[in-house]
Amino acid sequence: MKFFIDTANLAQIKEANDLGILDGVTTNPSLMAKEGIQGTEAILKHYKDICDIVKMPVSAEVISTDFEGMVEEGKKLAALDPNIVVKVPMIKDGIKAIKWFTDNGIKTNCTLVFSAGQAILAAKAGATYVSPFIGRIDDGNWDGIELIEQISHIYNTQGFKTLILAASIRTSLHIVKCAEAGADVCTCPLSSILGLLKHPLTDIGLAQFLEDAKKFA
Ligand code: E4P
């Protein structure tokens with residue numbers, strides 16, 4: 001399973017990249033706003049800055065909701081860098097736009113996916129990635145991991161090539177469960193990635209080893 005970081009924060013992207021286990025970046029308009037990035041020029045520059053840090057797929061989201069607007073925006077985003085993946089919402093015009101991008105060699109990430117039916121449509125349109133929002137599903141008292149399992153089963157059965165990009169990750173355990181459930185990619189906040197490091201027995205064991213090593217120093 002590949003690891004993407006879900007942020008527009010350059011310092012966090014650098015920190016994850018320096019770990020050597022990063023495979024890509026996802027952003028969304030809320031994450032961009034959180035970093036105070038406003039205005040078309042500033043937003044395009046920020047995407048380019050991210051692409052200059054990581055030579056890996058970077059999802060950049062369109063904010064138009066009509067076919068023509070999404071295609072226009074997506075073309076500008078894709079022209080920024082070969083690693084840009086155009087992120088398109090799961091709406092009717094979004095599906096049309098994903099098909100257009102697919103036919104024109106532009107990679108896409110179909111976002112805001114909450115059901116297996118939506119995931120089938122995204123795959124039919126040729127999306128490179130489909131993003132089921134695990135955490136937001138859990139927030140509503142449904143089971144986000146079950147959706148990953150269901151999509152994984154359908155894609156394997158039907159031979160769909162679209163990659164399952166588990167999004168809206170809230171915890172380190174989500175990452176483990178997504179790996180078990182067959183996600184191809186998990187996009188996570190830095191805190192959830194670093195949380196995977198933690199185990200009290202590791203800390204206790206290391207302290208003991210270091211203590212014992214002093215005896216022979
Ligand atoms: C990623 O592509 C999504 O935009 C993101 O994971 C949403 O996460 P949230 O539900 O924590 O906002």
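The paragraphs below take up the ligand site, then a salt bridge, then a helix end.

This is a predicted model, where local features need pLDDT of at least 70 and side-chain atom pairs count only at pLDDT 80 or more, while totals for chains, interfaces and linings use all residues. Residues are numbered from 1 along each chain as its sequence is written, and side-chain values use heavy atoms, with hydrogens and water left out.

Around the ligand you will find D6, T26, N28, K87, F133, R136, A167, S168 and R170, each with a heavy atom within 4 Å of it. Sorted by class, this shell has 2 nonpolar, 3 polar and 4 charged residues. Look next at the polar contacts (pairs of N or O atoms within 3.5 Å). A side-chain N or O atom of D6 is 2.6 Å from a ligand oxygen. S168 places a polar side-chain atom 2.7 Å from an oxygen of the ligand, and R170 also has one at 2.7 Å from a ligand oxygen. On its own the ligand has 340 Å² of accessible area, of which the protein covers 84% (Shrake-Rupley method, 1.4 Å probe).

Now for the salt bridges (a side-chain nitrogen of Lys or Arg within 4 Å of a carboxyl oxygen of Asp or Glu). The structure holds 9 of them. In one, D81 pairs with K48, their closest N and O atoms being 3.0 Å apart. Because D81 lies in the loop between α4 (67-80) and β4 (84-89) and K48 in helix α3 (residues 40-53), the pair ties together parts 33 residues apart in sequence.

Finally, turn to helix α1 (residues 10-19), a DSSP run of H or I with at least four residues. N9 caps its N-terminal end, with a side-chain oxygen 3.1 Å from the backbone nitrogen of A11. Just after α1, G20 takes a positive phi of about 85°.

Methods
Polar contact = N/O pair within 3.5 Å; in protein donor to acceptor, adjacent residues only side chain to side chain. Nonpolar A, V, L, I, M, F, W, Y, C, P; charged D, E, K, R; others polar. Helix = DSSP H or I, 4+ residues; strand = E, 2+ residues; numbered from the N terminus.
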